[in-house]
Amino acid sequence: MHPDPSPATGPLSPLDLDHLAASLALAEQAIGLTDPNPRVGCIITSVQGDVLGSGHTQPAGQAHAEVMALRDVTARGHDARGAIAYVTLEPCAHHGRTPPCCDALIAAGIQRVVVALGDPNPLVGGHGLARLQAAGVQTHLLPTDHPLAVAARELNIGFLSRMERGRPFVRMKIAASLDGRTALHNGVSQWITGPQARADGHAWRRRAGAVLTGIGTAKEDNPRLDVREVPTARQPQRVLVDSRLTLFPEARLLDPPGSLWVYHAQPDSGALGQALMDRGAELTSLPDPNGKVDLTAMIQDLGRRGINELHLEAGNKLNGSLLRTGLVDELLIYLAPMLMGDGRGMVDLGQLTTLEQAPRYQLVDMRPVGNDLRLRLRPPAVPHPGR
């Protein structure tokens, strides 16, 4: 069991909440930067509420948000003794690639720490707050249903998924017409949605630790699966499901920047597999009894490799297979105001005979993006903001 630090539960002031909200805005700047670590923001203020320093988590192996904020305090010529730290995620209490952040706060003389969300990492979970309290630091932890705590969880939903469930948060992106077509009958699909929707889709790619597609899409579209439409400090890992190992070695998935992980179902990678490895691909054989890739084992393996959010952009067959695993946590659907008639559907679920067999989803968010409509939906079992 994790220790119970019994943090102070009294109401926070409007100024406290303002500083926590500002820390969350800082944490958002760490999107596309910190994986596999969480996105964290920290603001340090005087007792009167004046900001002394701020920072967010840097790339893995570099400084965490609390240390960046403390460095900023020093750079501005201030003293952190007696100050207040506002942090979006419980300060770590373990030695990883960097020393514990709670020790840095204690050493700096911080007298009060306000935290938006506890850390589910078993190496942290309550220990950070307990260590702070043992050093005489007053701590406050928001209730888990507080809007800022919910926002902090959403920002790190992939990290929390990996800590709590041992696997990434899986998001399936689909661009379709109003009649649910993702391509014409001849395979033409570029472009169904407009430039704003495509840029928005790349922003979701940037959030992900990995972007996955199937061999059908790889052969038909020859995609890059990189982030191009929005600025990013790092490219997500590219992942391909290729059961029979038939990707051509000239595929753009193998082009820099970044690399490609290929999951296949062959006992021997053969000459083609060697050609892919010569171009930098990493091959993993995970066969199921039917000679396909074991998708559940693949997603679990991606969690072991430190992938927090997995972004899927695949064809209707692989989409259907992934949905049948029950491991897809969110649908990200862009609907274009057009009708395409006979063509390819979003998902191939086979033939259903009753409506009870049809997967149902709850709406998380709906908004226009340019001339298109973006929907985010989750299965009832997956928590969503405000629930």
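## Arg167, a buried arginine

Let's start with Arg167: in this predicted model, Arg167 counts as buried because its relative accessibility is 9%, and the cut-off for buried is under 20%. You can find Arg167 in the loop that runs between helix H6 (157-165) and strand E6 (169-177).

What does Arg167 touch, leaving aside residues up to four places away in sequence? Its contacts are Ser161, Arg162, Ile299, Gly303, Leu327 and Asp329. With Leu327 there is also a polar detail to look for: a polar atom of the Arg167 side chain lies 3.3 Å from the backbone oxygen of Leu327.

## Two nonpolar cores

Next, have a look at the nonpolar cores. The largest one has 39 residues, and the members that touch the most other members are Leu20, Ile44, Ala85, Ile110 and Val113.

Take Leu20 as an example. Not counting residues up to four places away in sequence, Leu20 touches Leu12, Tyr86, Val87, Thr88, Val114, Ala116, Leu142 and Leu148.

## Rings and charges

How many aromatic pairs does the structure hold? The count is zero.

Two tryptophan rings do have an arginine over the face, though. Arg198 lies over Trp191, at 4.5 Å from the ring centre. Over the face of Trp261 you will find Arg305, at 4.3 Å from the ring centre.

Technical notes: Residues numbered from 1 in each chain as written. Predicted model: local features only at pLDDT ≥ 70, side-chain atom pairs only at ≥ 80, totals over all residues. Heavy atoms only, no water. Core = buried A, V, L, I, M, F, W, Y, C linked by side-chain atoms within 4.5 Å. Buried < 20%, exposed > 50% of the residue type's maximum accessible area, 1.4 Å probe, protein only. Contact = heavy atoms within 4.5 Å. Phe/Tyr/Trp six-rings, centres within 6.5 Å; stacked < 30°, edge-to-face > 60°. Lys NZ or Arg CZ within 6 Å of the ring centre and 35° of its normal. Helix = DSSP H or I, 4+ residues; strand = E, 2+ residues; numbered from the N terminus. Polar contact = N/O pair within 3.5 Å; in protein donor to acceptor, adjacent residues only side chain to side chain.
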